[in-house]
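The following exercises are to be worked with the sequence and the three-dimensional model at hand. Each task is followed by a solution in steps.

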Amino acid sequence: MDLNRAFWNKNDGIFFENYLESISGNEKEREFEKRVVNTSLPCLGIKSSQIKQISSEIAKGNFRGFINLWLFNNHTEVLILGELICKIDEFDLFKKLLTKYALLVDNWAACDTLKFKKSGKNKHLFLNLAKEFIGYKEPFVRRIGLRILFKFLDDDNIDEVFRLVESLKSETHYYVNMCASWLLCDAFIKQRKKTLEFLKENKLNDFVLKKTISKCRDSFRVSKEDKDLLLTLKKSICERD
C-alpha cells in the first residue's frame, strides 16, 4: 500500500486497516502482544520495527490528514497515531491531539511509544503539560505526564521533577508507579547526588521508593559501589517500616 500520500479520506482509512490485517501476525503472536500490553483493543501482532517503518512512510506525506481519520480500532493503529502526533511542531495543535489521545489509551505501550520534541522555545510548555497531565484522574494520562519529565532531568529542572513525583505519593496505579520508578532511576544516573538525597528523604510511597532502588541496582549504568549503597538504603527503609 502507498503510505506516502498527499490526501487521506475515509476509504483510504478502510484500505489501511485492511493492509494492517494483511501483514498481521499469527494467532499466537496476537495473543502474546495482547497479554504483554494488556489492552482492551485487538492486537495484530505486527513487529515494532514494521510499525515504525509504516509511521515513517506516512510521515513523508500528509500525515496530518492521516491523523484526522483518527483510526483507533486496534493497538497497532494507536501506536502509529501516537508516533505521528509527536511529529507535529505547532504546540497548541500537538497538545490538543495528545490530550485527546491520552484520554483514550488504556495501556503502557501506547504511552511509551511517544517521543517528545522538546526545544528551547517550547521547553516551558512541555513542563507545564507534564504538570497538567500528572493532575488528571486517568492513570495513563498521568503516565504520559511522567514520560514527558524524562526530558527534564537537568540541573534547572530536577527539583521540579522531584516535586511532581512526590505529589504522587498516594498513587496506587501500578503503571503510574512503575513509570515514576523508571523516571527516578534515570534521574539517579544523570543527577546522582541530588537523586540520592531525595531518595534518603523518603517522601515517596513504598512501592516507588523500593522499585526505584531495584531498577538502579539492575542498571549497568550504576556502579557497584552505588548499588551496594542503595541496597543499604533499602534495608534501612525496610527496618523503619
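**Exercise 1.** In which helix is the place of Leu98? Determine also whether Leu98 is buried or exposed.

*Solution.* The model is predicted, with local features needing pLDDT of at least 70, side-chain atom pairs counting only at pLDDT 80 or more, and totals for chains, interfaces and linings using all residues. Residues are numbered from 1 along each chain as its sequence is written, and side-chain values use heavy atoms, with hydrogens and water left out.

Step 1. Leu98 lies in helix H6, residues 91–102 (helices are DSSP runs of H or I with at least four residues, numbered from the N terminus).

Step 2. Leu98 has a relative accessible area of 0% and is therefore buried (buried means under 20%, exposed over 50%, partly exposed in between, with a 1.4 Å probe and protein chains only).

Step 3. Beyond its neighbours within four places in sequence, Leu98 is in contact with Ile85, Leu114, Phe116, Leu129 and Phe133 (contact: heavy atoms within 4.5 Å).

Step 4. Between Leu98 and Val141 there are 43 residues in sequence and 9.6 Å in space, C-alpha to C-alpha.

**Exercise 2.** Where is Met1 found, and what is its relative accessible area?

*Solution.* Step 1. Met1 belongs to the segment before helix H1 (10–22).

Step 2. The relative accessible area of Met1 is 38%, so this residue is partly exposed.

Note on methods
Helices (H or I, at least four residues) and strands (E, at least two) are DSSP runs, numbered from the N terminus.
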